[in-house]
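Visitor: Please show me the structure, and then let us go through the terms one by one, setting each value against its definition.

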Amino acid sequence: MSIIERLITDTRFRIKLFLSISFCFNILYSVFLLAVSFVYSSKWFFVMSVYYGLLFVARIFVFVQIKPQKGTRLEIKTMRSCGYFLLLINVTVATMMFVLMRSSNAKYNQIVVIALATYTFCSLTTAIINSVKYLKRKRYVYSSAKLISLTSASVSMVTLTNTMLATFGEENELLRIIILPILCSVVCAFIIVSAVLMIRKADIDIRKLKNGKERK
């Protein structure tokens, strides 16, 4: 069977392949942010680099859980673990927002802006499409991977917005003061709600499985 045929027919192979590709982009993007943080002495970009390092670990965890013999109960527990992870990194994200809104506004090179915009819009578009696709199915591990990607892309929107305002809207400080707090609040709320829903769904489904076995 060719790779194209496996991509079309084998969901597990397709998810593992895309996760492997996301590993590469994840680590490259993290290194890129780290380099920018050193060049511009930016605490925000440094924290973002650490954040994507944590996401890399999360994706590795999900990748390992994609096994044909893995039972439904273990898949649900994997999704619950991802939910707790998202709650944990929300503390990191909130810290980043705090640093962002109180740090100095460096004017970044247009290449940095273009790189951020390309990564953000590509990852956000892909994450939205795949999240909607897999959330309609009871694919717990796959849904976890896609929701992590969606969360990652959402946080990237904040970095992109801040970078664009600092580079192209430096004369309009009022715009930055209004837009950034609103966007930060929306992103943080989205992460919290997503994490809580994942944990709640996992708990409910585990309870259903337990009740089903007890009745038998």
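Guide: The residues lining the largest pocket divide into eight nonpolar, eight polar and two charged, where Ala, Val, Leu, Ile, Met, Phe, Trp, Tyr, Cys and Pro count as nonpolar, Asp, Glu, Lys and Arg as charged, and the others, Gly among them, as polar. This is a predicted model, in which local features need pLDDT of at least 70 and side-chain atom pairs count only at pLDDT 80 or more, while totals for chains, interfaces and linings use all residues. Residues are numbered from 1 along each chain as its sequence is written, and side-chain values use heavy atoms, with hydrogens and water left out.

Visitor: What makes a set of points a pocket, and what volume does the largest pocket have?

Guide: On a 1 Å grid over the protein atoms alone, a pocket is an open set with protein on both sides within 12 Å along at least five of seven lines, and lining residues have an atom within 4 Å of a point. The volume of the largest pocket is about 460 Å³, a volume being the space filled by probe spheres set on points that are joined across faces, edges and corners. Of its 18 lining residues, the closest to the centre are Phe18, Ser22, Ser123, Thr126 and Ser149. Helices H2 (11-39), H5 (110-135) and H6 (140-168) each give two or more residues to the lining, helices being DSSP runs of H or I with at least four residues, numbered from the N terminus.

Visitor: Why is H3 called roughly antiparallel to H6?

Guide: Helix H3 (residues 43-65) and H6 pack at an angle of about 170°, with their axes 10 Å apart, the axes being lines fitted to C-alpha atoms over the stretch in contact and the angles running from 0 to 180 degrees between N-to-C directions. Angles over 145 degrees count as roughly antiparallel, and therefore H3 is given that name relative to H6. By class, their contact has 13 nonpolar, seven polar and one charged residues.

Visitor: Why is Phe63 counted as partly exposed?

Guide: Phe63, in helix H3, has a relative accessible area of 24%; buried means under 20% and exposed over 50%, with partly exposed in between (1.4 Å probe, protein chains only), so Phe63 is partly exposed. Leaving out residues up to four places away in sequence, Phe63 touches Lys16, Leu19, Ser20 and Phe23, where contact means heavy atoms within 4.5 Å.

Visitor: How do you know which class Thr72 belongs to?

Guide: Thr72, in helix H4 (residues 72-102), has 44% relative accessibility and therefore counts as partly exposed. Beyond its neighbours within four places in sequence, Thr72 is in contact with Tyr140 and Leu209.

Key: 1 Å grid on protein atoms, 1.4 Å probe; cavity = no way out; pocket = protein on both sides within 12 Å on 5 of 7 lines; lining within 4 Å. Parallel < 35°, antiparallel > 145°, perpendicular 65-115°, else oblique.
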